Amino acid sequence: MKVSLFVTCLTDIFYPEVGKDTVELLERLGCEVDFPESQTCCGQPAFNSGYHKESIKVAKHMVKTFEGSDYVVTPSGSCAAMLKEYEKLLADDQAWQEKARALGEKTYELTEFLVDVLNEEDVGAAFHAKATYHTSCHMTRLLGVKDAPVKLLSKVEGLDLTSLPHGYDCCGFGGTFSVKMALISEQMADAKVKHIEETDADVLIGADAGCLMNIGGRLRRKGKPVKVMHIAQVLNRKEKR
Amino acid sequence: MGIRIGEKEFDKRVEKGLADSFMRSAVTEAQDRLRTGRLKAAEELGDWESWRDLGEEIRHHTMENLDFYLQQLSENVAKRGGHVFFAETAEKANEYIQQVVKEKQAKKVIKSKSMVTEEIGMNEALEDNGCEVIESDLGEYILQMDDQDPPSHIVAPALHKNKAQIRDVFRDKKGYVNNDIPEEMTRFAREQLRNEFLSADIGITGCNFAVAESGSISLVTNEGNARLVSALPKTQITVMGMERIVPTWEELDVLVSLLCRSAVGQKLTSYITGLTGPKEDGDVDGPDEFHLVIVDNGRSNILGTEFQEALHCIRCAACINVCPVYSHIGGHAYGSIYPGPIGAVLTPLLDEYENNKELPYASSLCAACTEACPVKIPLHELLIKHRQKIVEEAKKTEASERFAMKAFEWVASTPSLYNMGSKAASLAMSPFTKEGNISKGPGPLKPWTEIRDLPAPGKERFRDWYNKREKGGRRK
Ligand code: SF4
C-alpha cells in the first residue's frame with residue numbers, strides 16, 4: 001500500500017523523531033511511504049485565527065502537493081481535521097472544492113489509519129512503562145477518532161495504561177490561544193498537569209504534537225519528571241525488559 | 001442590568017476570575033456534577049445522537065419559518081384574549097412593560113427567571129419608575145439581595161457562590177441566623193417570598209418556548225415559582241426572545257426533553273408549565289390579563305446570516321458546563337449576562353464587536369461545547385467565523401498579527417521559503433537553547449516561554465533525515 005506522509009510542520013521542525021517513528025512504523029506494517037517534499041503546514045494558525053483568505057492559498061498549495069497520493073497519513077488529529085476542512089474553505093471554487101474533497105477523503109490520522117485501513121491493532125510494540133494517554137480535542141471531536149489510539153496502546157507489551165482523570169478537558173493549547181490568552185491557557189495546562197500527576201504515570205502519551213508541546217513544556221517548567229511521548233514513538237518501540 | 005456586566009476591560013475581568021479560588025472551586029464542582037448528570041440522562045434516553053439531530057432539525061425549520069410561526073403565535077394569543085407586543089428594541093420592550101405597570105398602578109412586580117429581561121435591563125427600568133421588582137427564582141433572589149450581583153450562568157445564575165457565601169448574604173441582608181445547609185436556607189427564602197407573591201400586583205415570567213399552534217407559553221422550572229408568578233397576580237406579562245418558539249406541542253415535547261436532560265440531567269424538571277392566555281370562565285386561577293412581549297433586540301439581524309444557528313439555542317447551558325475556559329475564569333469574566341461558549345458567540349451579535357472583541361478568542365476551540373450542544377450548534381465554528389469577521393470586516397486585529405499572517409501565507413505556500421525558514425529556525429534559536437529547551441524565548445516566543453518551555457528545533461529536521469536515508473532503511 002502506498003502512503004504519503006504529511007509530517008506536519010511542528011513534527012518536521014520540533015519533533016523529527018516522531019516523523020521517523022511514523023515512517024518506520026508504517027513501513028514495518030508493509031506500507032510504501034513517500035514524503036512529498038513541497039509540503040508545508042496545514043494552515044491552522046491562520047484559519048483558526050480568522051485569516052481565511054490567507055489560509056486559502058496554503059490550502060491550495062497542500063491540495064496540489066498531495067494530488068497524486070493514494071493515502072495521506074499524518075501523525076496529528078488536528079492537522080488531519082484541517083485537511084478535511086479545505087472542502088468548506090475552498091467552497092467558492094467548484095473545481096478546487098472537488099480536489100479538496102478528494103484530499104479530505106484520502107486523509108487519515110495515523111492511529112485511525114492503522115486500525116481502520118490496515119486493520120492492525122497489535123503492531124508488535126513493547127514498552128515497559130506506567131503511562132497515561134491524553135486525548136486531543138480535535139482528534140476526538142472534530143475527526144471523531146476516539147478508540148483507535150486506546151486499542152493500539154492496549155496491545156503494547158508491557159505498557160501499564162491508566163486513564164487520565166478529566167481526560168475530556170482541553171490541555172489549553174489551542175494554537176494561537178496559548179499565547180493570546182496565555183493566562184487562561186496556563187491554568188488549563190496546570191489542571192492537566194495536576195490530573196496527570198494523579199495517575200502516577202511516568203509517561204504521558206499523546207497523538208498530537210501541539211498538545212504535547214504545551215503539556216510537555218508546562219511539565220518541564222514546573223520541574224515534573226513525567227516524560228512526554230507521541231504515540232508513534234510508543235508504537236514503534238520494541239524493547240526488552 | 002443590560003447585556004453588559006462587570007468591569008470594562010476583558011483582561012481585568014479575567015484576572016479577577018482567575019484570582020477567585022472560591023468561585024473557581026464552586027464552578028468546577030458544579031460543572032462536574034452537571035456534566036455527569038447530563039451524560040447519564042442522555043444515556044437513559046438512548047440514541048442521543050438521533051435526538052440531537054431531531055432537535056437541530058426542529059430549530060432549523062422554526063428559524064427558517066420564523067415569521068410564519070410568530071404570526072401564528074400572535075394570532076392565537078390574541079384569540080385567547082391575550083395582548084401581544086412585538087418589541088424591536090430593548091427600549092420599546094421596557095416602554096410597553098412600564099405602560100402596563102402604570103395602567104395597573106402596580107407598586108410591586110414578582111418575577112420568575114428570565115434571561116431576556118436581564119438582557120433588556122427591565123428591572124432597573126421598572127425600579128427607576130418607582131416599581132419594586134422581586135426575583136423569585138432562588139438563584140436570582142440571592143443575587144438581587146447581594147446588591148444586584150450579576151448572574152454568572154444562564155441556568156444557575158448564582159453558580160459562582162458557595163453555600164457559606166449565600167448564608168452570609170442572607171445574614172447580612174435579611175437577618176438570617178441559621179446554618180448554611182441548603183434546605184434550611186431555601187426554607188428561609190420561601191418564607192420571605194411567600195408574602196411577596198401574595199402582595200405583588202403583576203407577575204412577570206420568561207418563556208422557555210412559546211407554542212405557535214395554540215398561543216401558549218411553557219415554563220420549565222424546578223422550584224415551582226413560575227407557577228405562583230403566573231397564578232397569583234392579577235396581571236401577567238411574559239417576555240420572550242423572538243426565537244423562543246416551537247410550531248406545535250409535539251416539537252415542544254422533544255425540545256423540553258433535550259433541555260431538561262442537558263441543563264440539569266433530569267428527564268423532566270419538577271414543574272413544566274403550559275399556559276394559554278388569561279383566566280377563562282371556570283378556571284380557578286390564572287391572571288385576568290395576559291401580555292406577551294416578544295423581543296427582537298438585534299435577533300432579526302442574525303437571521304439569514306452565517307450566525308443564524310446561534311438563534312437555535314435553547315439556553316440549556318450544556319456548553320457552559322463543559323467549557324474549560326469558563327471553568328477557570330467564571331461567568332463574570334465574559335462581561336455579558338450570556339457567558340461561556342454561547343455567550344461568546346451571541347454577545348458580539350446582540351451587543352457590538354467593539355465591546356466584545358476578545359470574546360471570540362476566549363476559546364481554545366476544543367469543541368467540547370459543540371459536542372455537548374443538544375441542538376448541534378457548531379459553537380466553535382461560529383467562534384472562528386467571528387474571528388474571521390473581526391479580521392476581514394472590522395479589521396480590528398493588530399498590524400503585527402496581520403503582518404505575521406501574511407508572512408505565514410507566503411511561507412506556507414512557497415516550499416522554498418518554508419524550507420529556508422524552517423532550516424533557519426534551529427540556528428536562530430540556538431542562542432536561547434539550553435539542554436534542548438528554550439525557557440526564555442525572544443520576541444514572538446515570549447508569551448509562550450513565559451509559561452512553558454519550548455523544545456528547541458532539532459538540528460536536523462525530519463525532512464533532512466528523510467532525504468538522506470536509504471529507502472526502507474531504519475535508523476536504529
Ligand atoms: S448553545 Fe447549545 S449547549 Fe449552549 S446553551 Fe444553547 S442550546 Fe445549550
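Of the 14 residues around the ligand, the nearest are B:Cys313, B:Cys316, B:Ala317, B:Cys319 and B:Cys373 (near means a heavy atom within 4 Å of the molecule). This is a predicted model, so to speak with its own rules: local features need pLDDT of at least 70, side-chain atom pairs count only at pLDDT 80 or more, and totals for chains, interfaces and linings use all residues. Residues are numbered from 1 along each chain as written, chains are lettered from A and ligands numbered from 1 in written order, and side-chain values use heavy atoms, leaving out hydrogens and water.

By class, the ligand shell has 13 nonpolar, no polar and one charged residues. Here Ala, Val, Leu, Ile, Met, Phe, Trp, Tyr, Cys and Pro count as nonpolar, Asp, Glu, Lys and Arg as charged, and the others, Gly among them, as polar. An unreviewed UniProt entry annotates B:Cys313, B:Cys316, B:Cys319 and B:Cys373 as "binding site". They spread over 61 residues of sequence, yet cluster in space, with a largest C-alpha distance of 10.4 Å. B:Cys313 sits in the loop between helix H13 (299-302) and helix H14 (318-321) of chain B. Helices (H or I, at least four residues) and strands (E, at least two) are DSSP runs, numbered from the N terminus.

Now for the helix pair in chain B. The axes of H16 (residues 340-350) and H18 (residues 379-392) come within 9 Å and cross at roughly 35 degrees; axes are lines fitted to C-alpha atoms, for helices over the stretch in contact, and angles run from 0 to 180 degrees between N-to-C directions. Residues of this contact (heavy atoms within 4.5 Å) include B:Pro341 and B:Leu349 of H16(B) and B:Leu379 and B:His386 of H18(B). They divide into nine nonpolar, one polar and no charged.

Chain B also has an open sheet of six strands, ordered S1-S10-S7-S4-S2-S3, with parallel pairing (strands pair if DSSP finds at least two bridges between them). Its edge strands are S1 (83-87) and S3 (132-135), each pairing on one side only. Four bridges join S2 (residues 108-111) to S3(B), and B:Lys111 stands opposite B:Glu135 in S3(B). Helix H10 (residues 182-199) packs on the sheet, touching S2 and S3, and its direction makes about 120 degrees with that of S2(B).

Over in chain A, an unreviewed UniProt entry places "domain: Cysteine-rich" at two stretches, 3-84 and 132-215; UniProt positions follow the numbering used here, feature names are shortened, and annotations may be inferred rather than shown by experiment.
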